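Work through the exercises below with the sequence and model open. Each has a task and a stepwise solution.

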Amino acid sequence: MENLINDVLLGLLMITGFAIVRMKSLLGVTMLTSIYSLLSASLFVVLDAVDVALTEAAIGAGIATVLMVATVALTTDEEKVPRHTPLLPLLVVMATGAALIYGTLDMPHHGDPLAPAHRYVADSYLHDSPVEIGVPNVVTSVLASYRGYDTLGEVTVIFTAAAGVLALLGYRTRGRNIEAAGIRKQVVLRVIAKLFFPLILLFALYVQFHGDYGPGGGFQAGVIFATGFILYALAFGLGTAQRLIPSQLLRILAAAGVLIYAAVGLESMLLGGKFLEYRVLADDPIAGQHLGILLIELGVGITVASVMLIIYYGFVSRRH
Amino acid sequence: MDMVLAVLSWSCLLGGAIFLLIGALGVLRFPDFYTRLHAVSVCDTLGAGLVLAGLMLQGGFSLVTVKLLLMFYFMMFTGPTAVHALAQAAMQGKLQAVVDEHEPE
Amino acid sequence: MFIAVSSVILIAIAVGLVRAIRGPSLYDRVLAANMIGTLTVLMVAILGFMTGRPEFLDIALVYVLISFVSTLAVLRVHNPGAGTTASSVKGSGEQ
């Protein structure tokens with residue numbers, strides 16, 4: 001049965017993909033990509049990859065859609081007609097596609113227990129994680145502890161993205177409240193936003209600190225946090241949102257998150273361990289792991305949330 | 001008691017599924033945007049509400065049911081608000097409604 | 001039984017997809033995406049029960065909140081002046 005759902009979802013994904021290629025209106029394409037990411041998130045749930053599904057839900061369907069719409073609003077809604085013939089690109093794509101399909105022939109079968117992915121590190125992660133780290137959600141222990149270096153790199157990449165957006169777009173630190181006049185009339189939206197803003201932030205905190213036990217963690221929580229503020233900005237205007245959480249503060253926070261992460265690594269070095277070796281952080285190694293994971297997830301959450309907001313502010317304040 | 005709960009929950013789920021189907025059909029078949037809004041509302045409120053109610057009966061007294069209740073609560077706000085905002089945006093975008101010329105007497 | 005409900009949801013998603021592709025206006029597409037968002041929430045919830053791991057509901061909850069915000073964002077960012085002219089033009093806006 002799950003295989004059937006799987007196949008249907010994959011079929012729908014394919015149809016969506018073709019429709020995205022065919023469609024000329026870029027806002028329409030944005031809506032289709034949002035649908036695409038909703039479908040793929042359901043697919044991830046079917047495949048039991050709940051952490052990925054949560055990320056896809058928060059980023060793909062949420063923030064990515066918002067940012068893409070903001071980008072389209074800065075440019076134009078119509079796709080440009082290419083001047084050259086599409087023959088050469090088509091050939092390149094077909095050759096790449098053929099190579100990829102040829103590559104899949106050598107891949108192990110779906111669910112094969114002898115596949116390399118299940119035999120080396122995965123096994124030891126699954127067996128050793130409860131003893132070494134003691135966090136129920138193995139994804140969190142892999143992400144935050146076993147592969148702490150990777151995650152530090154990812155957070156730095158996200159930070160770099162914000163720096164890039166700031167360098168390219170820049171923004172007025174105090175956005176003018178152009179939308180405010182129109183917003184006064186949107187009574188329903190404002191009431192609902194007031195009701196939901198605290199709830200979304202509360203839920204973000206839950207995802208942040210519940211990541212050790214269930215799906216969640218700093219990345220997802222950061223995005224949900226940013227979504228809450230975006231809702232606020234949508235309902236009350238960008239200027240009001242910037243008074244609530246000023247751009248200057250965001251820049252500091254974006255850097256602070258990465259610094260918290262790196263500082264945890266340095267602290268564990270000072271205490272006699274290796275970089276990002278959390279077990280030296282407390283007397284009990286397991287408690288040390290918990291503390292380390294909690295702190296670096298906090299750093300990740302802070303950076304992700306502020307970077308998303310920086311990008312959103314940058315795109316939207318540019319319009320006026 | 002379990003039997004009653006099971007029957008209740010399955011009938012809620014089935015009812016929800018039927019309303020989802022009706023809503024989807026409406027979204028496909030209705031002639032213009034404004035009428036399709038009605039169809040989506042059926043999905044968003046009645047269909048989703050009944051399915052969630054059915055699941056709540058399955059969940060019993062647990063954290064699961066609390067989460068389902070939260071979802072229900074959120075959906076009852078988000079669905080209508082989104083549709084309302086959409087309708088308003090479409091009005092401002094000067095989207096024309098399809099009007100039947102032959103008014104009945 | 002979960003199977004029946006989830007197949008209905010899949011059918012409804014497919015129908016919504018048809019509407020999203022056919023359009024014709026942007027609003028129809030946003031509407032379809034919104035509906036698919038609701039259906040995905042239900043789908044995830046039911047899948048959680050089907051696989052016996054209802055703690056997946058966290059994901060469904062995220063969906064409810066996020067897809068709502070993204071729908072609003074599309075509408076507001078797309079035409080930020082919304083609300084300034086409508087009530088005078090149409091005469092039937094919110095009073």
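On a 1 Å grid over the protein atoms alone, a pocket is an open set of points where a 1.4 Å probe fits, with protein on both sides within 12 Å along at least five of seven lines; lining residues have an atom within 4 Å of a point. This is a predicted model, where local features need pLDDT of at least 70, side-chain atom pairs count only at pLDDT 80 or more, and totals for chains, interfaces and linings use all residues. Residues are numbered from 1 along each chain as written, chains are lettered from A and ligands numbered from 1 in the order written, and side-chain values use heavy atoms, without hydrogens or water.

**Exercise 1. Describe the largest pocket and its lining.**

Step 1. The largest pocket is lined by 26 residues. Nearest its centre lie D48(A), A49(A), L126(A), V138(A) and V139(A).

Step 2. In chain A, α3 (50–74), α5 (121–132) and α6 (138–146) each give two or more residues to this lining. Helices are DSSP runs of H or I with at least four residues, and strands are runs of E with at least two, numbered from the N terminus. α5(A) provides the largest share, four residues.

Step 3. Sort the lining by class: 15 nonpolar, four polar and seven charged residues. Ala, Val, Leu, Ile, Met, Phe, Trp, Tyr, Cys and Pro count as nonpolar, Asp, Glu, Lys and Arg as charged, and the others, Gly among them, as polar.

Step 4. The volume is about 780 Å³. That is the space filled by probe spheres set on the grid points, which are joined across faces, edges and corners.

**Exercise 2. Characterise the interface of chain C and chain A.**

Step 1. Count residues in contact (heavy atoms within 4.5 Å). Chain C gives 44 and chain A gives 59.

Step 2. Take the buried area, the accessible area (1.4 Å probe) lost by two parts on being put together, summed over both. It is about 4600 Å², with 81% on carbon and sulfur atoms.

Step 3. Assign the chain C side. α1 (2–22), α2 (26–50) and α3 (57–78) of chain C each supply at least two residues. α3(C) gives the largest share, 16 residues.

Step 4. Classify that side: 30 nonpolar, nine polar and five charged residues.

Step 5. Search for salt bridges (a side-chain nitrogen of Lys or Arg within 4 Å of a carboxyl oxygen of Asp or Glu). The rule finds zero between chain C and chain A.

**Exercise 3. Characterise the interface of chain A and chain B.**

Step 1. Seven residues of chain A touch eight of chain B.

Step 2. About 730 Å² is buried, 74% of it from carbon and sulfur atoms.

Step 3. Zero salt bridges are found here.

**Exercise 4. Summarise the fold of chain A.**

Step 1. Chain A has 13 helices and zero strands.

Step 2. Its C-alpha trace spans about 60 × 50 × 35 Å along the principal axes.
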